[in-house]
Amino acid sequence: MAGLLPRDDSRLLSISPGRARFETPAAALTAGASGLILVRMAAAPPIAADFQLMAKPMGPRCNLACVYCFYRGKEALYPDERHWKMRPAVLEAYVRQYLACLHRAPEVTFAWQGGEPTLAGLDFYKRAVALQRAGAPPGRRIGNSLQTNGILLDDAWCRFLRDENFLVGLSLDGPPELHDPYRVFPDGRPTAARVLDALARLRRHGVEFNVLCSVHRLNAARPREVYEFLREHGVKFMQFIPIVVPAEGAPGAATPESVTPELWGGFLCEIFDVWVRRDVGAVFVQAFDMTLAAWTGRVPPLCVMNETCGRALILEHNGDVYSCDHFATPDHRLGNILQRPLAEIVNSPRQAAFARDKRDRRPASCRACRYDFACRGECPKNRLAPPPGEDQPRSWLCSGYFRFFEHSAPFMGQMAEALARGLPAAVVMRQFGNG
Ligand code: SF4
Ligand code: SF4
């Protein structure tokens, strides 16, 4: 993730609901334990921060056992750990060093994820917020985002989240019959009813929230239902994250629950067709806004659509920092903030090399692709196998993305042109819309 959207980007803001805006690439993004991304919506100027550190206060520990989760297995990184909860010394070092690193940013966002971060308990976050207040210089705005499965969100949590202005990312994969097959308690019980309770509670308390919808083999086949269900539940900010899990022992293949390229392309196209005719300016769909940002010549504030990445690192419960949520492996452990300054870790040559790899290890067919300006070869973790005759792996989702870029191109062109003329992107609905 690189670059900073210019201050005059207000035209772009009109794509989305009134208070929506793009922050800096790094600060806008929170890659969660399911590869999910949180985007903060606020009416403030852009942030000068150029990296994001996403903290896992309970490490990989979770109260659910989602079938497609890639992070629960990370307990193996710490075979002797019995405690898991981030200790006060790590929390204090995180807050202090993060504020120091981002000393030029008018706003600093602390991102909490897991595993399941609410398992750390409300008092942990009260302490975190108190440390932030005590450590922040006068005038500095502090934000917090929390990526959660919603199971523990009772009224006390919601009151706290509202009072402290947290942005919540709630994981919900659509209607119960599409959410429940994969998002389950460890004993296999379904979770949708509990998540929908949490959604209603968040709304009741006026907590700002996004829904992060993992797209897998089941819900990808029913895009319209997923979109309308979320919309009917008052969700204005949607982030659709493709589930791609490499199959063990079958190089280049993905697991049965992963979304196929065909389904992914169809999913995006079908939702786009509804959105572009009815909901531009009323519903925020991250993939669409990021694509439009690329069409306007901006750097989309989403790492997967940037030429290089490496500015969204993760902080494990014990202070270890890894290159990215998707690369929490011993090879990508960069250091520990109790032993090495965070600034040094973030700007280390190893992390710079990780960042460049996204661009430099793209296959030649991506460089030649007419949608490279928007796709950039997508996320390296989804590059499962090289195309015929090439040596670098290409995204498993390539044909799906290509189909979506091709399908949306005429509309994107119209919206980009409208924005360039100082008009809102929503004018596209006059030409293509239903009304
Ligand atoms: S590997 Fe790069 S593009 Fe993929 S999620 Fe990590 S930072 Fe983003
Ligand atoms: S659509 Fe496919 S070929 Fe084009 S840039 Fe993306 S991954 Fe590469």
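1. The crossing of α3 and α4 is right-handed, that is, the near helix is turned clockwise from the far one by less than a right angle. The model is predicted; local features need pLDDT of at least 70, side-chain atom pairs count only at pLDDT 80 or more, and totals for chains, interfaces and linings use all residues. Residues are numbered from 1 along each chain as its sequence is written, while chains are lettered from A and ligands numbered from 1 in the order in which they are written.

2. Helix α3 spans residues 88–101 and helix α4 residues 122–135; their axes come within 10 Å and cross at roughly 35°. Axes are lines fitted to C-alpha atoms over the stretch in contact, with angles from 0 to 180 degrees between N-to-C directions. Helices (H or I, at least four residues) and strands (E, at least two) are DSSP runs, numbered from the N terminus.

3. From α3, L91, E92, V95, R96 and L99 meet R127, A128, L131, Q132 and G135 of α4 (contact: C-beta atoms, placed from the backbone, within 7 Å). This contact is made up of five nonpolar, two polar and three charged residues. Ala, Val, Leu, Ile, Met, Phe, Trp, Tyr, Cys and Pro count as nonpolar, Asp, Glu, Lys and Arg as charged, and the others, Gly among them, as polar.

4. Ligand 1 has twelve residues around it, with C303, V304, C309, C324 and C379 nearest (near: C-beta atom, placed from the backbone, within 6 Å). The shell has eight nonpolar, two polar and two charged residues.

5. Around ligand 2 there are 13 residues, the closest being C366, C369, C375, C398 and F402. Elements giving two or more residues to this shell are α13 (364–368), α14 (372–375), β12 (394–395) and α15 (398–420); α15 gives the most, with three.

Key. Contact = placed C-beta atoms within 7 Å.
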